[in-house]
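Open the model in your viewer and keep the selection panel handy.

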Amino acid sequence: METEKKMQTQVELTDSDLSEQIKAVTKDSHVRAENTELMLAYQRGKVSLTQYKLLLCSLYEIYQALEEALDSNSNHPSVAPIYFPLELARLESVERDLEHFYGQDWREKIVVPAATKIYAHRLRQIGKDNPEYLVAHAYTRYLGDLSGGQVLGRITQKSLGLKGGEGLSFFSFPGVSSPNLFKQLYRSRMNSIELDEDERIGMLEEAVRAFELNIQVFDDLQKMVSVTERESELMHTTTRNRCTRHAS
Ligand code: HEM
């Protein structure tokens with residue numbers, strides 16, 4: 001069954017470039033990611049502060065692991081062509097946003113669901129054992145951030161009424177003047193990576209896995225949002241009841 005799937009990937013995709021192959025092979029996963037409850041909330045233009053803060057916490061873990069893995073493999077032949085720390089690195093911008101929302105001691109306050117830890121663990125493992133697959137993860141996150149991510153930034157700003165870009169550094173890429181041109185460059189760099197057949201198939205499978213890991217993070221995070229919002233509602237009700245009792 002697994003071999004059959006591999007064969008299919010081989011047959012369907014032999015003639016195109018890596019950037020085309022990766023886009024084709026993750027097309028269904030992209031639709032599934034767009035249809036997670038968290039991304040649907042975004043598309044309805046209704047993201048809550050709880051959702052955004054929890055998302056930033058997970059992004060911190062993810063980019064810390066991804067960028068550590070990229071940095072330590074920056075000379076690897078499959079990483080060097082797509083290594084753009086000045087243009088793409090997100091870790092510092094997520095840190096700035098976390099400080100904005102949680103204060104200086106944000107490191108003690110952030111909460112991360114199990115799925116995020118699993119994703120970060122996978123990134124570290126790939127960085128150690130299969131750096132040639134890092135491109136699958138870098139593509140999934142960075143090209144996503146430069147595509148739909150730009151819309152998500154505007155929705156976050158509007159939904160939360162954030163002024164002057166405060167708390168929104170994650171979405172801003174000062175080193176990229178045209179996301180579309182940059183994506184073209186990135187795709188051509190991806191296409192220059194030399195992979196043998198097994199590596200190519202492994203890489204495409206890793207890209208599907210990268211989307212899957214993101215979907216799991218969004219689902220786990222949304223469960224946390226529901227609990228947090230229920231708890232704060234309960235606290236409000238209790239406080240309101242207390243106040244009413246005191247008043248009477
Ligand atoms: C590309 C929308 C969520 C990863 C795109 C594009 C759009 C888009 C309009 C450009 C397509 C093109 O240039 O052909 C959205 C929307 C989302 C969403 C509305 C949710 C509300 C995600 C998520 C991920 C992701 C959660 C991954 C974690 C990507 C990637 C690309 C992309 C990797 C580049 C595709 C390529 O050109 O190869 N997205 N997206 N997207 N998105 Fe998303």
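**Stop one: around the ligand**

Select the 16 residues around the ligand, and pick out Lys23, Gly144, Ser147, Gly148 and Asn214, which come nearest; a residue counts as near if its C-beta atom, placed from the backbone, lies within 6 Å of the molecule. This is a predicted model, where local features need pLDDT of at least 70, side-chain atom pairs count only at pLDDT 80 or more, and totals for chains, interfaces and linings use all residues. Residues are numbered from 1 along each chain as its sequence is written.

Now colour by element: α3 (27–34), α4 (37–43), α10, α11 and α13 (197–247) each give two or more residues to this shell. Helices here are DSSP runs (H or I, at least four residues), numbered from the N terminus. Which helix gives the most to the shell? That's α10, with 4 residues.

Colour by class next, and the shell shows 7 nonpolar, 7 polar and 2 charged residues. Ala, Val, Leu, Ile, Met, Phe, Trp, Tyr, Cys and Pro count as nonpolar, Asp, Glu, Lys and Arg as charged, and the others, Gly among them, as polar.

**Stop two: α10 against α11**

Select residues 134–146 (α10) and 148–160 (α11): their axes come within 3 Å and cross at roughly 55 degrees. Axes are lines fitted to C-alpha atoms over the stretch in contact, with angles from 0 to 180 degrees between N-to-C directions.

Show Gly144, Asp145 and Leu146 on α10, then Gly148, Gly149 and Gln150 on α11, to see who makes the contact (C-beta atoms, placed from the backbone, within 7 Å).

**Last stop: zoom out**

The whole protein has 13 helices and 0 strands.

Conventions. Two residues are in contact if their C-beta atoms, placed from the backbone, lie within 7 Å.
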